[in-house]
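This report concerns the contact between two chains of one assembly. The sequence and the structure are shown first.

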Protein chains: 4
Amino acid sequence: MTITGSQDQAIKRRLRLGMVGGGRGAFIGAVHRIAARLDDRWELVAGALSSDPERARLSGQDLLLKPDRIYGDFNDMARRERRLKEGIDAVAIVTPNHAHAAAARAFLKAGIHVICDKPLTTTRREADQLAKLARDSGLIFAVTHNYTGYPLVRQARAMVQAGELGAIRVVQVEYAQDWLATRTEATGNKQAEWRTDPARSGPAGSVGDIGTHAFNLAEFITGDEVQSLSADLHTFVEGRRLDDNAHMMLRFASGAKGMLWCSQVATGLENGLRIRVYGEKAGLEWHQENPNVLLFSPLNEPPRLIRRNGAGTGEISRAAGRIPAGHPEGYLEGFAQIYSDVAEQITARLEGRPAHPFSLQAPNIEHGVRGVRFIDAAVRSSQRKAAWVQL
Amino acid sequence: MTITGSQDQAIKRRLRLGMVGGGRGAFIGAVHRIAARLDDRWELVAGALSSDPERARLSGQDLLLKPDRIYGDFNDMARRERRLKEGIDAVAIVTPNHAHAAAARAFLKAGIHVICDKPLTTTRREADQLAKLARDSGLIFAVTHNYTGYPLVRQARAMVQAGELGAIRVVQVEYAQDWLATRTEATGNKQAEWRTDPARSGPAGSVGDIGTHAFNLAEFITGDEVQSLSADLHTFVEGRRLDDNAHMMLRFASGAKGMLWCSQVATGLENGLRIRVYGEKAGLEWHQENPNVLLFSPLNEPPRLIRRNGAGTGEISRAAGRIPAGHPEGYLEGFAQIYSDVAEQITARLEGRPAHPFSLQAPNIEHGVRGVRFIDAAVRSSQRKAAWVQL
Amino acid sequence: MTITGSQDQAIKRRLRLGMVGGGRGAFIGAVHRIAARLDDRWELVAGALSSDPERARLSGQDLLLKPDRIYGDFNDMARRERRLKEGIDAVAIVTPNHAHAAAARAFLKAGIHVICDKPLTTTRREADQLAKLARDSGLIFAVTHNYTGYPLVRQARAMVQAGELGAIRVVQVEYAQDWLATRTEATGNKQAEWRTDPARSGPAGSVGDIGTHAFNLAEFITGDEVQSLSADLHTFVEGRRLDDNAHMMLRFASGAKGMLWCSQVATGLENGLRIRVYGEKAGLEWHQENPNVLLFSPLNEPPRLIRRNGAGTGEISRAAGRIPAGHPEGYLEGFAQIYSDVAEQITARLEGRPAHPFSLQAPNIEHGVRGVRFIDAAVRSSQRKAAWVQL
Amino acid sequence: MTITGSQDQAIKRRLRLGMVGGGRGAFIGAVHRIAARLDDRWELVAGALSSDPERARLSGQDLLLKPDRIYGDFNDMARRERRLKEGIDAVAIVTPNHAHAAAARAFLKAGIHVICDKPLTTTRREADQLAKLARDSGLIFAVTHNYTGYPLVRQARAMVQAGELGAIRVVQVEYAQDWLATRTEATGNKQAEWRTDPARSGPAGSVGDIGTHAFNLAEFITGDEVQSLSADLHTFVEGRRLDDNAHMMLRFASGAKGMLWCSQVATGLENGLRIRVYGEKAGLEWHQENPNVLLFSPLNEPPRLIRRNGAGTGEISRAAGRIPAGHPEGYLEGFAQIYSDVAEQITARLEGRPAHPFSLQAPNIEHGVRGVRFIDAAVRSSQRKAAWVQL
């Protein structure tokens, strides 16, 4: 019973983190901060926490940032931090979707590593341009498709890679919620407002907000790529401007087939992200709301319950956890794993050594680009009566 | 703690049942016989249990039928039983799919009520003709979409009808197995042989065998009709002649949307028939493998576990069970309910009174026709790259 | 996918069954009748269905018994049936507890096999005397500790016997309900009335009614005997005359230790019969309310889900089921297995051959005696401040 | 969807934490550090991380402590920190059990608040003396019965307090593991070594290590006190010096009765801490391994699934969580809540205001004393053949 994962070693070095967005009233920024803190590899030292300068200032004070590291504008922050001796090692971009690209560009140009929330951008063109810029910069660019940080998600991926399922045939993936089952955006809920606003959220609603997570999870676990899809997007709540439910059929490069469902009107569901993968030799099932167990079903054998850090888990999975089997880890720990992976990547550069290979599991800008292509394909397919569209 | 359901009353009268198919080596025939026996409203007295006369004779002996009620041919049986004073009240047709129609016609023409296994026929034309014949005959014609006999399936339907879910928006239904994950039909397995043989099974494999059950369940519970579908059928196992996996997107007459998945290659699953229905006001979920609980989730309230015959169940649901809550009923009991419903319908006619309204929940030939249309539409859609096809 | 279990073979012979008790208003009698009918090895032909002759007559008519096989008194029935050429092969005794012994004696003396509900008698002395009579008679005497008929209970027992768990260390067993959480017996509920009445139920309430089942299950699965126990019985509902909750610590002959809880006031529970057994090498868990799965956990391996008739089940378990894995069987099927086992035992005698060894799994009078000793020890221990009492 | 709980507000002030124990090779120290860090209300600044000075030094370096805040001895640390202007606000004591008391005394005498791991001490006398010292000091003294930090555990307690269950009748609580199913302590496992060593662990093994958690949970949720118990402790693994399994019957002050099981040899279980409480009006059930759901079963109503931060939760429960419903929180978050509660208590003193009442849910030294009394009573009862012993 020892503490496992990245926490097991000495810390050695804490990296300096800046943040864009995530001020008062925001949601995901606070999650990023806890995630960064959890494994003690990051220290938040700077922020442009709101596009409103006064709100940015107050938000910085809330977090005990030093006054001279509180910025009213992310461009100022990028410019100044690059020149500071103890400037930030990386920036976390946690604004609404439409603002990701400009902020990311500013920090890439300043030579600062980037951790960006998903979806990467609101258009495919912007995603491609940003990806080129990132590649050319040689900087680390992570995208927080955070569910890939769950230990048993990594376990699932490793099992597929090891051939334990044989050739994959069928993938069933879904992410269903109910928080937009009524017109929440008309009640003053800030989160609902921007997520249903095409100007801030992009061309898709549920597809961009949660469908991308489901899509990312399917590609991450199978190690396969969705080649084409047929999508039926729908808006059930009257007056809403973006889709709140989508049904899709998927075809993978390998020949596997799949279905994807995302919904914000699935009454009774909270964050029902669930994936099932069926191969020639075995199947597996994982549910985000009960993430410490993975059901693994070899053909003609009794299904097995693989528990986080328990019997049957491999090294890559155990390395992503902190505590012994039977003491549940959750969403924040999974999110923290992405931050620790990125910390390892940056630290390795600072120390002139290769990063631990496990840390490369963290999703990068290429995964971000895939997500944007997925959204784009889904919207176009649905506009054409669910015609098959290539990604 | 009293015995509930149809068993609660005196029997009064046992009906006489004949059977076509279901001899040695068959599967579903034995299930029909148990189902008929369970509530003590039927007595098996005659059979043409195989198309092979010798096998028919031996099978009849196995079941202790009187020698003169053992037939080598269903036409002989129909002709003779109609003339007997104590001839059969109804016939159960449990042959492979392709033989349903001819047998059904023979008994309808003999004025004998019919209980027919699903799918009703292998072609849409045949289904329509048979339906016309049945309607014209005035006889009772039940189709064993047996899952509608589960008490909590009826509970679900009643709750939708009562408006407890509000307008239905999304339906997710699936029936997934793994018994054909390898080429079982090449190993001498009789069940696998005919189910993967177009000549006996019809134009569809998994879609006809289990997809129809999923489809029927979706229409039964929602009380809605699938208007069109987009289907992607696939055969994963090399050498197989019919689909073993199918993905579909559904559109209902009411405006609801849905997805349907059926598979015989979903490694680890046994009889994973599961349905989830989401309405404006609430959602519900039911799983055939754990059929004594129904998850009901009103918006913004804690989800509730409605247990068979327990708190929160209505009369129609309780009437379909036999024993108190907490003592599980299963597949055979659900199947038996269809037989008891049909017994009630026939008995009511014999007694010159209206049948108990609950007994009308049993699926009839119109449901059988819907099932055949579903298969037909799925096959045609898939042939046209998943184009939307009307039912 | 073939029908499994005893149903797989030809019937060959239907045995004739009589019944004592189980008339109008009774509960368990109807369960016995369904159980007897399910596998088609019994035909109910005679009954003394109530101690009230008029009620007995009406109840017999309800069940379509022939008038001359409807008895107003079980002694008449025993005497006459023994002389009939086609007299009953066995009698099912389903009266309240206090009446078991007299009826059982009458039929034993008439040379008729007995199937008796549990607990066998209301006193230890009476149980011992009856057991002697039964042994001396050479007749078959089954006691319906029906939960041993569940296929996965037999699977569990077989696994313990095969040493798959190693030496057993700990047994946790419980049977908890809530139907007596209020004073149900004062509301006209017949079942509650006699079960809380010492004159009809015996010296124990919950301990006799359901504790005996838990006790029997623990001994059946472990193949071990409880040697002594320390019990704390309590009556929570004011005005009730028998215990409605009991806590016990157990010591087994092998050195294993256990706990037993039975309750009729466990709010929210229906028929929560659950057992967990932990050995040196593995543990297992089974729950009556979800009886088609057995959790098997070998030390340092992922727990496995053994499903009824699925991968990992042995012959003895598969023989006790009727339908393929994934189609749930329940309480009635488990109960039916006891009847089919007894039918096999009797048929074997009639045919002059040894009974199939699996049929000997059915609980017999020795198990009934153990149950009565358990009740007796629990009551005495509790009267002595939970002192350890030998069975 | 806003971040909830203590994280929702501005931080305002980070407290300074010291730690005794928890150096290289330790387990629970790292958990305390993550817990302290999670909500950003603590900063670890000093430590006497091992009784071995060299190990203490290296461990301090691992954690990036300043050299002058790394101590080889806790007495030195207490003396010096009290005099520092920026000395620690509180100390976390995370040594093996036998060393708790001396360290706690040292810091109390230095006027420094204490957070101490459980069990408080290894003898009842020591516990009473320490409690007196703590009371006299007026300092805050928390004991990390950390499971009380889970949001739904607080929800459960609040529901009992609000009378939603009516008078409590029955409590079933258990904490079962399997990590000592073999002689782990002979394999070089440090955690197993000291936990099975009377000199370091005290007079009890499983009872002290995990039984105390179960006991604490039962008293916390019911708000009731165990008045007496009857215990059967046992050592199953040969050569082990302390109990590895214990069965107990409990009697509460209110008249409720209960059972408690703790085990370290329950093959297949990891951290199976589970509690069920049955009252006159309702029952509830919570399982640590799936901590984001609480089953609540009002009599004669369908059971309800209360999900962390979801519908049906109250303010006190929601305040103990960080993220929206459906994104699971786990063990570290629950542990962190205790640290945040203590931070709030200390901060309130520093700011001269009353602490937020919710923060008083954190277990204090009185709960620690109860735990030690429980151990003492259990050991004495078992020595006297499970006689009833008062706490």
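A polar contact is a pair of N or O atoms within 3.5 Å, of which, within protein, one must be able to donate a hydrogen and the other to accept it; residues adjacent in sequence count only if both atoms are side-chain atoms. By this rule, 21 residue pairs, both at pLDDT 80 or more, are in polar contact across the interface of chain A and chain D. The model is predicted.

On the side of chain A that touches chain D, the elements that give two or more residues are helix H1 (28–38) and helix H11 (331–350) of chain A. The largest share, five residues, comes from H1(A). The composition of this side by class is as follows.

| Class | Residues of chain A on the side that touches chain D |
|---|---|
| Nonpolar | 22 residues |
| Polar | 12 residues |

In the contact, 46 residues come from chain A and 46 residues from chain D. Between the two chains an area of about 4200 Å² is buried, and carbon and sulfur atoms give 59% of this area.

Four salt bridges are counted between chain A and chain D. In one salt bridge, Arg307(A) is paired with Glu270(D), with 3.1 Å between the closest N and O atoms.

Chain A is superposed on chain D by a rotation of 180° with 0.0 Å of shift along its axis, at an RMSD of 0.0 Å. This is the relation of a two-fold axis. Of the interface residues of chain A, 100% are also interface residues in chain D, so the copies meet through the same surface.

Definitions and conventions: Residues are numbered from 1 along each chain as its sequence is written. Chains are lettered from A and ligands numbered from 1 in the order in which they are written. This is a predicted model: local features need pLDDT of at least 70, side-chain atom pairs count only at pLDDT 80 or more; totals for chains, interfaces and linings use all residues. Side-chain values use heavy atoms; hydrogens and water are left out. Contact means heavy atoms within 4.5 Å. Buried area is the accessible area (1.4 Å probe) that two parts lose on being put together, summed over both. A salt bridge is a side-chain nitrogen of Lys or Arg within 4 Å of a carboxyl oxygen of Asp or Glu. Helices (H or I, at least four residues) and strands (E, at least two) are DSSP runs, numbered from the N terminus. Ala, Val, Leu, Ile, Met, Phe, Trp, Tyr, Cys and Pro count as nonpolar, Asp, Glu, Lys and Arg as charged, and the others, Gly among them, as polar. Copies are superposed by least squares on the C-alpha atoms of residues with pLDDT of at least 70 in both.
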